[in-house]
Amino acid sequence: MDTPAIRDQAILVTGGAGFIGSHLVDALAPQNEVRVLDNFSSGDRTHLPDDVTVIEGDVRDPIALQRAARGVDLIFHHAALVSVAQSVDEPRQSNRTNLEASLLVLEQARQEDARVVVASSAAVYGHPDELPVPETAGIDPTSPYGVQKAALDRYTRLYEELYDLPTVALRYFNVYGPRQQGPYSGVISTFVEQARADEPITIEGDGQQSRDFVHVSDVVRANLRAATTDAVGEAYNVGTGTRTTIEELAETIRDATGSSSPIVHREPRAGDIRHSGADTSKASYELGFDARIGLESGIRTVVGSSGPSGRDAGATPDTNRESGSYS
Ligand code: UD1
């Protein structure tokens, strides 16, 4: 199913200069009036096209948020503190951004009568008790970050039930792609950097843990679907339905880069989730979303990007049939 075009709308993307947000802005900017609210704590100005309005401010600041959201039709809420480890160290600080500020966003949307699409996470499932995990599985997060996303996810759906606001929560699995950078950037960008430098590729634990890696251009397409669906007041898994072990991933990245890096093992990460994989049937049937980018071609978009920053890095993820175009 083709992704419906979104045009002539006033749209706010919170966290719009960040990894996922900036790819979404790229897809929306040509045909809409796009505003980005970002405090640039981890976002990057060079990732933004020229024709968007940038409001430099914090999503926790009601005045900045009000200014950014005035008159919008649609809000994509991607501003967050994404580090699970930081949420363990500083639960109140991450709660302020990930939950309290999210409630401000939902309230602002209510005032503007704007549709809201929020970034939820597979973290809401904790150690999933079934695989692949459907949206009906138990919500049992194992970190403050997961608790905050679970509450946001529930609030988002509640705003549809209580106030008739069209809302959608998207539960991202392991998102990767160009522009993923910084200290908490995910295993794919870490391995690619290590392989490029011919340094050891460091697997934590035995490497038999598995993840559902979903390319950022697929995540953008899921957002565009969520922005137009009639099936609101719902949460949807955003993954591929395919799991890959970390060991397979290390080998695939070493091959893709032509690197001579050794693959080494170190201590497993404390509290690591063993297996994570999405049951994608609800997103497929109700949202019309199916991921298109396979892991090997997706990894090529990371390897082929010019580095962590720069506008070109993520603009055209792929050129083959599984192209990373957003439509
Ligand atoms: C991911 C998300 C997180 C979300 C969680 C939900 C990312 C970056 N993080 O965390 O926001 O809450 O899913 O389940 O997408 N690993 C190595 N070597 C490395 C780095 C990582 O072996 O150098 C291993 C880790 O131990 C882990 C796996 O790779 O087993 C994935 O790690 P990571 O990319 O940090 O993501 P998650 O922990 O799955």
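This is a predicted model: local features need pLDDT of at least 70, side-chain atom pairs count only at pLDDT 80 or more; totals for chains, interfaces and linings use all residues.

Student: With which residues do strand 4 and strand 5 pair, and in what sense?

Tutor: Strand 4 and strand 5 (residues 115–121) also pair in the parallel sense, over four bridges. As an example, the bridge partner of L74 in strand 5 is R115.

Student: How should I read the directions of the side chains along a strand?

Tutor: In a regular strand, side chains alternate between the two faces of the sheet. Strand 4 (residues 74–77) shows L74 and F76 pointing one way, with I75 and H77 pointing the other way.

Student: Are these four residues of strand 4 buried or exposed?

Tutor: L74, I75, F76 and H77 are all buried.

Student: Let us turn to the side chain. Where is N98 placed, and is N98 buried or exposed?

Tutor: N98 belongs to helix 4 (residues 91–112). Its relative accessible area is 1%, which means that N98 is buried, the cut-off being under 20%.

Student: Which polar partners does the side chain of N98 have?

Tutor: A polar atom of the N98 side chain lies 2.8 Å from the backbone nitrogen of L81. The N98 side chain also makes a polar contact with the side chain of Q148, at 3.0 Å.

Student: Which residues are in contact with N98, leaving aside neighbours within four places in sequence?

Tutor: With those neighbours left aside, N98 is in contact with A80, L81, Y145, Q148 and L152.

Technical notes. Residues are numbered from 1 along each chain as its sequence is written. Side-chain values use heavy atoms; hydrogens and water are left out. Helices (H or I, at least four residues) and strands (E, at least two) are DSSP runs, numbered from the N terminus. Buried means under 20% relative accessible area, exposed over 50%, partly exposed in between (1.4 Å probe, protein chains only). A polar contact is a pair of N or O atoms within 3.5 Å; within protein, one must be able to donate a hydrogen and the other to accept it, and residues adjacent in sequence count only if both atoms are side-chain atoms. Contact means heavy atoms within 4.5 Å. Two strands pair if DSSP finds at least two bridges between them.
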